[in-house]
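This briefing covers helix packing, ligand surroundings and backbone geometry. The entry is shown first, and the notes follow by topic.

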Amino acid sequence: MKREIFLEEKPLEEALAGYWEFLRNLGALDPGPAETVPVAASCGRVTAGPVFAAVSHPHFHAAAMDGYAVQARRTFGATEQSPLRLRVGEEAFPVDTGDVLPEGCDAVIMVEDTHAVTPDVIEITAAVFPYQNVRVMGEDVVATEMLLPANYSIRPVDVGALLAGGVTTVAVHPQPRVALIPTGTEVVAPGTALKPGDIVDFNSPMLAAMVREWGGVPVRHEIIPDDFAALKDAVSRAAAEYDMVLTIAGASAGREDFTAAVVRACGTLFAHGVAIKPGKPVVLGAVAGKPFIGLPGYPVSTVLNAELFARPVIFAKQGRVVPDREKVAATLSRRVVSPAGVEEFVRVKLGRTGEKIVATPLGRGAGRLMTLVQADGILRVPRFAEGFEAGSVVTVELLRTRREIEETIVIIGSHDLALDIIANFLRLKFPEATLSSAHVGSLGGLLAVKRGEAHAAGTHLLDEETGEYNVPYVQRYLAGVPVVLVNLSYREQGFIVIPGNPKGIRDFSDLLREEVRFVNRQRGAGTRVLLDFHLRRLGLDPQRITGYQREEYTHMAVAAAVAGGTADVGLGIRAAAVALGLDFVPVAEERYDLCVLKEHWEGKVGERLRVVLGDPEFRAAVLARGGYDLRDCGQVLYVQE
Ligand SMILES: Nc1nc2c(c(=O)[nH]1)N[C@H]1C(S)=C(S)[C@@H](COP(=O)(O)OP(=O)(O)OC[C@H]3O[C@@H](n4cnc5c(N)ncnc54)[C@H](O)[C@@H]3O)O[C@H]1N2
Ligand code: MOO
């Protein structure tokens, strides 16, 4: 197969508009022939034509109150001073709400406005006017009136109204059936025992859920290996049978990426490559007159392209229009640099930490699906922009509700496994609350608190002069900012080593040995400060440590480097070593505090944190991770006015 090397870079607007036009000319956006479904099962479906009432509602004059049905004119003149008497069974007829109004009657007197004089006679002290307390025939729905227009998405109230109007079945647009074809020789079904190189097909179940959410019916095809003929065969068959075809992976320009060639061979290729990031190598076309989209394999690219290109088509085929996402103005906490020439979709975390909503960009890799899991919104960097400066106000499309964002506690700073446990218990205790934590190191966290971009920072910074934790740093970097230091834990720091400690690492001088490969933490991380402190104390030259320049951002990333065999040792907390089945050589106990802005500690954020930190089950869960001491957990250890 000839290698596909030419990727276009069609601007997104042009690709969207052009592809739309291309599909419309093919008739590929039209809904198929209508189908009839029972009204009771029609919620979420879209009407194929107008729906008219078969009967009126109510279809008779009905008593609207419990009481007596009467002829209104017989009651005229009744007052407190001159009550009127009516004979039951002749002039006043007992009725309950919903009863048919008896022949000859045109009003109802509520039972509480009457009193019985004898079993056969009632007295009334006020008149009723004609049709008072009566629901006249057709009050709600008049037979033949239009209940719903065409292309209308049926909601629960509409189900009720249709049935009230005597309609029991309704003609709706068919739900587009969307074939999903995962490709790749290395792709295996979820649950398969994994060999190196295997990739779990999580994209197609994810896409199936998206298609279902959009009103389509997903049909998952078996995984097709990287083989031109096999893919062409699968695509042609699927296009003949279903309303739309999506392939997953093989969209790019690799030696085994056949999607574009397949579409050329059995259909029409509209575009290969759109100027977006992630998601550039998308393939847009039609096969057998059906929309065809070749989604790139990286999951963030898959999701993004499905939302941009597949979702509007699935909606159009049901007579629906994709609703806009809610947008908010947010202040960027960090600079975002983006290449010119492509429109980039940056995933961001959002939180309100004061007057403004702050947006913190998440990781950018198209393979990092967790960035979409964690994202609260999407920031689009336009094609002709090279990014945004920190502090600029940007527009963010929301992926979560405003309420969720308002209820988010933002903790930025050093990473600790206990933060995940806080996140979990926060949700258990306060279902509306979310913990958003970003790991930028202790110092980065303190500075974020200072800039008002976080409610709190996780910090464990050792002052080399005094040997004291955190307080000197708060005094130095947050001078004049009212904050409290609340202890989260004392934790063991030490060497995370391969099980059995084959390199025999006992103390800091061992890191300088030639055969020892180290993995470091980033500058500003408390663990890095601890390392540098001990190296200096012992007069050891960091430059002699192999791997001193290799920086990771979390304890778990350090442990993963050791577990993965790319390093022999890293400095980190015991819990990270325990989590990955590694050995641990303790070197110090350190104090990990939350530095919380005083106003937040005294407000809702503090209230919620106190509940979680004081919870015995929370504490048990932290202690179970190993290497933690909670003797001061939840205690305010320092207050700065
Ligand atoms: N020379 C170039 N190489 C690449 C380019 C480029 O422009 N020039 N684009 C890169 C970009 S951007 C993307 S995105 C990928 C797209 O790759 P393909 O669509 O061809 O996909 P594969 O290479 O087959 O797979 C990539 C990757 O996707 C994951 N994957 C695939 N299928 C599934 C699945 N069913 N479930 C979960 N994950 C899946 C997997 O991690 C694969 O490794 O190409 C770049 N290369
Ligand atoms: O542009 Mo690719 O779609 O980033 O991963």
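How do the residues of the shell around ligand 1 divide into nonpolar, polar and charged? They divide into 15 nonpolar, nine polar and three charged, where Ala, Val, Leu, Ile, Met, Phe, Trp, Tyr, Cys and Pro count as nonpolar, Asp, Glu, Lys and Arg as charged, and the others, Gly among them, as polar.

The model is predicted: local features need pLDDT of at least 70 and side-chain atom pairs count only at pLDDT 80 or more, while totals for chains, interfaces and linings use all residues. Residues are numbered from 1 along each chain as its sequence is written, and chains are lettered from A and ligands numbered from 1 in the order in which they are written.

**Ligand surroundings**

- Around ligand 1 there are 27 residues, of which Asn 203, Ala 249, Ala 251, Ser 252 and Gly 297 come nearest; a residue is near a molecule if its C-beta atom, placed from the backbone, lies within 6 Å of it.
- Helix 3 (203-213) and helix 6 (299-316) are the elements that give two or more residues to the shell around ligand 1. Helices (H or I, at least four residues) and strands (E, at least two) are DSSP runs, numbered from the N terminus.
- Ligand 2 has Lys 277, Pro 278, Gly 279, Lys 280, Pro 296, Tyr 298, Ser 301 and Ala 366 around it.
- By class, the shell around ligand 2 has four nonpolar, two polar and two charged residues.

**Annotated domain**

- UniProt, in an unreviewed entry, places "domain: MoaB/Mog" at residues 179-316. UniProt positions are given in the numbering used here, feature names are shortened, and annotations may be inferred rather than shown by experiment.
- Over residues 179-316 the chain is 37% helix and 26% strand, with the end C-alpha atoms 17 Å apart.

**Helix 4 with helix 5**

- Helix 4 (residues 228-241) packs on helix 5 (residues 259-266) at an angle of about 55°, the axes being 10 Å apart. Axes are lines fitted to C-alpha atoms, for helices over the stretch in contact, and angles run from 0 to 180 degrees between N-to-C directions.
- The two helices are therefore oblique to each other; angles under 35 degrees count as roughly parallel, over 145 as roughly antiparallel, 65 to 115 as roughly perpendicular and the rest as oblique.
- Phe 228, Leu 231, Lys 232, Val 235 and Ser 236 in helix 4 meet Ala 261, Val 262, Ala 265 and Cys 266 in helix 5, contact requiring C-beta atoms, placed from the backbone, within 7 Å.
- This contact of helix 4 with helix 5 has seven nonpolar, one polar and one charged residues.

**Helix 9 and its partners**

- The axes of helix 9 (residues 417-429) and helix 16 (residues 604-613) come within 10 Å and cross at roughly 105°, so helix 9 and helix 16 are roughly perpendicular.
- Ile 422, Phe 425, Leu 426 and Lys 429 of helix 9 make the contact with Arg 608, Val 611 and Val 612 of helix 16.
- That contact of helix 9 with helix 16 divides into five nonpolar, no polar and two charged residues.
- Helix 9 and helix 17 (residues 616-623) have axes that come within 10 Å and cross at roughly 150°; they are therefore roughly antiparallel.
- Ala 418, Ile 421 and Phe 425 in helix 9 meet Phe 618, Ala 621 and Val 622 in helix 17, a contact with six nonpolar, no polar and no charged residues.

**Backbone geometry**

- Lys 277 and Pro 278 are joined by a cis peptide bond with omega about -5°, and Pro 278 lies in the loop between strand 19 (276-277) and strand 20 (283-287).
- Tyr 131, not a glycine, has a positive phi of about 70°.

Notes. Two residues are in contact if their C-beta atoms, placed from the backbone, lie within 7 Å.
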